[in-house]
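Colleague: I am new to this structure and would like to learn how to read it step by step. Could we open it and begin with the idea of a contact?

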Amino acid sequence: MATTIHEPPQIEPDRLPDHGHSGNGGWRNLVPADGDLRVTQDYSPPPSSTAIWVVLFAVTMMFAAFTSALFVRKGSSLDWQTFTLPSILYFNTLLLVASSVTLEISRRRVATYMGGLKSQVKSPARWLYITLFLGLLFVAGQYVAWLQLRAEGLYLATNPSSSFFYLLTATHALHVLGGLGGLIYVIRKLSKSALRRNQLVATARYWHFMGILWLYLLLLLWIKL
Amino acid sequence: MAKFFAVTIIIIAILSAIPILRHTWVAPEDISTHGYLIDEQMSETMAEAGIAFLAAQFILAIFIWMFSNRGRDAKIKKFPGGATGLVIAALLLVGAEVLALGVFGVKAWADQYLTPPSAGAMPIQVQAGQFAFYFRYPGPDGTFGATHPELINEGSQNFFGLDPEHDPDSRDDIVTAEMAIPVNKEIHLLMHAKDVGHSFFVRELRVQQDFVPGLDVSLHFTATKVGKYEIVCTQLCGLGHYNMKAYLYVYSQEDFENWVKKEQAMQ
Amino acid sequence: MRPKPMLLALLTLLVCPSMMCPSLMFAGTVSGKVTYTGTPAHQKPIDMSKEPSCAKQHATPITTETVVSGPDNALENVVVYVSAGATDEGQVPSQAITYTQKGCQYIPHVLPMHVNQEFDIVNDDQTSHNIHPLPKVNIEWNLSQPPGTAPYHKKYDKAEFIPVKCNIHPWMHGWFVVLKTSHYDISKGAGDFKLPDLPPGKYTITAWHEDYGTQTADVTITGNETKDVNFTFKAKAY
Amino acid sequence: MHDMSAHAAQHHAPPTSFIRKYVFSLDHKVIGKQYYGLALVAALCGMVLSWMMRIHLGWTNAAIPGLQLLSKTGAPGGVMTPEYYLQLMTMHGTIMVFFVLTTAPFAAFGNFFLPIQVGAEDMPFPRFNMMSFWVTFVAFVVLMSSFVLGDGPTLGGWTQYAPLNAVGSVAGPGQGLGVVLWMISIALFCVGQLLGALNFITTTLDLRVKGMSLMRLPLSAWAWFITSCMGLTAFSVLFPACILVILDHVAGTSFFVASNLVLNDQLQPHSGGSTLLWQHLFWFFGHPEVYIAIVPGIGIVSHILITSMRKPMLSQRVLIYCMGALAVLSYGVYGHHMFVSGMNPFSALAFSFPTLVITIPATIVVLIWVFSLYGANLRINSASLFALGFISMFVSGGVSGFFLAQPSIDIMLHATYFVVGHFHMVMGVAAMFGIFAATYFWAPKMFGRMMNETLGRIHFWLSFVGTYCIFMPFHYLGMAGNIRRYSSFPDDYLQPLIPVHRLITVAALITGAAQLIFVYNLIHSRFWGKPATDNPWEATSLEWSTATPPPWDNFGGKYPVVYHDPYQYGVKSSVGDYVMQASPEQVKTDHDEK
């Protein structure tokens, strides 16, 4: 079979206790009390879908720290010089938003594809490639933005405002690159027909989060710089 | 073994309490107008914390004594009070204690930090640098000269970066390595950090405050007892931290004026 | 009986070309006096109460040594040296010199030395000192010296005027003057200095003071003579 | 991307090659042991450092033989210089807080036992788990390398206050390269712990076996779970903070260095940085870190006490809620480290109240422990002795918190030995006792051999009495106004206290030596100890229902099903006075929480 259809494991009610396996018995199911086993819904989410929220939380905390640093630093002295953001950033924003859309499309396609309705989907990977391309374009665009600032003589250490600009954009770009890695991984799995749905879902969540994070950063920089 | 352990705990608890009760090691006598609040707060807390400490250790020891190695078929009992009882007890006792301490604590804190210095307070600037304090009095003209960090030169004792050549205000500033204040007069201490973080601590004055580089903070206090006291740095500031100190002289009014004259002559 | 004079003569012949002979034949000397005009800044007394072990070594508090003046405007601690024209560059004097920390003071206040000349740093006090020279071209180091520990042996391989600080006692301040020549002297109490053993030639003599900067003078040594060169600095009131 | 190894995790093949088995192992049990080994090495380093510091504090001008080999400039002829004292002090603090108190109780035992206690085969992301250890290992190597690189380790203390940490080598030896290495090391450490937290959280939430509801998790598992949540929040804030400092050093930015700072008569080329910013960022991590060190201890000690008491705690839930409360509150109290730092005096009061309030859950925990002892049948052995010692220490160190929680009293006690005594007892010694208890309790399961009981008790007595002799006097010194972080006490005021310091030094040397007994016991028992049975303590939780030592997949391909609350003691069953979580046997009990 070309693809693996990943469905939640079905537990027959008459299943013997010692056949339960890890991954099951998560917080959703009722517990056997005093020896009689009363399993109602024996399914817990695959770890990756929990893990991705953990990752996103860590990333959020990190940027929260950077944000508070920015506010404190700006308030702590008068040496803050504002500058206008390179206009290419807005174009990059469009790219990232578009990439989120394309990823969502591909997620749907892959879902139907994996759902067995192959006839409806020619190549589910195409939209993934488009997303990947848009993502790379975004990072390249950010790089152009840095070049533009350098041309204006604004370097990392020139002024706290420029420091924070490079810091935030670079950190975000690195995380986007991480997301690109995830996309490549998904594409490889898909071509090997070894993709599991939650892998795609997790990657998608991460990617969308990168988009939202960028919108937030853009707003922050636009207000503060 | 268990009983021996129980006894050890009790002995340790008692031995730990003895120096406190006998006041073997206590802070030096308070010479400030606000210090008594802190001292009262201290002894109050000591009483409550001490009781909590002894009670906990004793009960622990007693239960260890009573309920250890009772043999395989000993009857397991449950504490009659149950968990809820304990939780409520803790909430009430500790809650009350916490509230009491917190509320009274505010008074002592507010007296030093939330009230501005009185108008007549005498301004003195203290600059902390690696690894010494230097003090500056405005001199007869009553104004501090402007400071120019780029002019700071410790070799020629220009610790504040004054520019007497162009700035008349700074010519009569009195810069000293020791701090002298008149007794029973409120002092408004303007704290400036020259390089890194330092702290200004006079045990007898019940005063401790960090210097914040880039941010000048101020303190106010009144000394009530003539004498010589030690000013120490309590914020790790580098290799000479252990040796960063100066002396505070509390003089009677006339002694203070003589001291000022003497220092003026040496400038 | 016979061989001895022979040997002596031989020895003289051998040694002559190298070092003794210039001084034997024409010992050119530059000497003079360093003075100042105007009124120098008041040297403030140093309060060492922070370091009792040092404070009690000085009956009357010592003052800063930025400007040390002698009788009739003599200026001390001025390093006078041949800045150009000398031929013996690179000859490192063998005798070791010491820089002593005593009574929370650097003795001497200004230590002139030859490039690559070894010098010892000694702590004579009952307290820890920290010696931190602040070079720009040489390698920076920062050492503490607890009481009773062995001296440090140090040297610098580039010519430079290096301010020296003690990171434990902020008032302690001194200078290392690292020179490319061995023809140097430091002005004494009467402001006098002496640069002996100069072979014939044109020389530039430079006088350096830590606060008043440098002055130069050109001299020509033709033979066995003593040239008199005086330097006069303008004192700063502050 | 983040679940690349999830599938492999649940069914990864038994390791074959030596490398895969022992070095780059994916097995959480091996990784746990690796963490334990790292912590052990780190603890010994930290202990030796504390010895040298204590000797120097007692006899300032004494030459410590061999010290000059460690650093010729730092200790000429073996006599410690002031800066070298501070450098050793910084390393002692950093090593102990990060590489011992965080790794041992949390990463080491958590890695080994959390998956087993929830009944899982392994962590969901074994590759991340492996990376987590090796990144931490590299972090340790980087930190230690600062002993030999540049002019030695940083002297800024484990809190690394700004701007001392950011102005560079002009501020003193070790403040250049030393600080950068410190920051890199800690940043790496954060990454390692974040990867660990990822695994711990997902393991607890998703990999529990059938029947293992959250309330049926053993208290130790709960402690590790709560700790991992704290670590996730704390380390993801410390990491960016370290990045900012590194930028201040290598890129010339001014995040923490204010304008017009003059060091060695040189005006610093920075402007406008905020000193307090670092303190806020650091303590937002720093205070939860204290609980990251102690909460696993609380859980482990409860777990061990219950087993030796032969009865459950008065209330499992209350203990869990209290640990949760400690975790949550710990983020609201960090400002009590900054009462006199120059921050707004009103915020000092704002931070003071939660700090006082946090004593309530702590008190409840202690009360539950103590009164659960009532009516117990306490089995005294090395493990339970250390667990009880933990309670005693936790109380002794805890009560001094009442003082430091109040800004007004902090004016007198801030930065004195009182603070040092406080945190050494409550997060240092107490946490160490937790680690020792855990070791004596779980070593049979980890290594398959019992540890020597006699040596264990000798170790306990020396440690218990010794640590009190060391750290109780610290409080007295503090009350007398003895400032911490002084490399010696030259001033007339502190002279009278020197005898106390010498007493402490002697106690410290003896107590430290006693720890070598433990190390010997550990190593000797590991190879020549008497073989352990599957369930030597007659305990109930899942780790005891599998083989000793557990097979590579923990339960030999069979998955336990949980029928009971974790602690069914004091009941009549076929095996004795307890029922294992995984046994379907029905017994009359009033403990089960439905």
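Modeller: Two residues are in contact if their C-beta atoms, placed from the backbone, lie within 7 Å. With that in hand, among contacts in chain B between residues at least 6 apart in sequence, 72% join residues at least 24 apart. This is a predicted model, in which local features need pLDDT of at least 70 and side-chain atom pairs count only at pLDDT 80 or more, while totals for chains, interfaces and linings use all residues. Residues are numbered from 1 along each chain as its sequence is written, and chains are lettered from A and ligands numbered from 1 in the order in which they are written.

Colleague: What are the ipTM and pTM of the complex, and what is the mean pLDDT of chain D?

Modeller: The predictor gives an ipTM of 0.90 and a pTM of 0.92 for the complex. As for pLDDT, the predictor's confidence in each residue, from 0 to 100, its mean over chain D is 91, and 97% of the residues of chain D reach 70 or more. Residues 1-11 of chain D, however, stay under 50, although the model has 35 contacts beyond four places in sequence for them. Where pLDDT is low, the predicted coordinates should not be read in detail.

Colleague: Which chains share the most contacts?

Modeller: Of the five pairs of chains in contact, chains B and D share the most contacts, with 90 residues of chain D in contact with 88 residues of chain B. On the side of chain D that touches chain B, the largest share, 10 residues, comes from α12(D), where helices are DSSP runs (H or I, at least four residues) and strands are runs of E (at least two), numbered from the N terminus. By contrast, no contact joins chain A and chain C, whose closest C-alpha atoms lie 23 Å apart.

Colleague: Is chain B compact or spread out?

Modeller: Chain B has five helices and 10 strands. Its radius of gyration, taken over C-alpha atoms, is 26 Å, well over the 18 Å that the globule rule (2.2 Å times the number of residues to the power 0.38) gives for 267 residues, so chain B is more spread out than a compact globule. The C-alpha trace of chain B spans about 95 × 35 × 30 Å along its principal axes.

Colleague: How is chain B divided into domains?

Modeller: Domain bounds come from an automatic or database domain assignment, and for chain B they give domain 1 (2-68 + 82-113) and domain 2 (122-266). The centres of these two domains of chain B, taken over C-alpha atoms, are separated by 38 Å, and the contact takes 10 residues from domain 1 of chain B and 10 residues from domain 2 of chain B.
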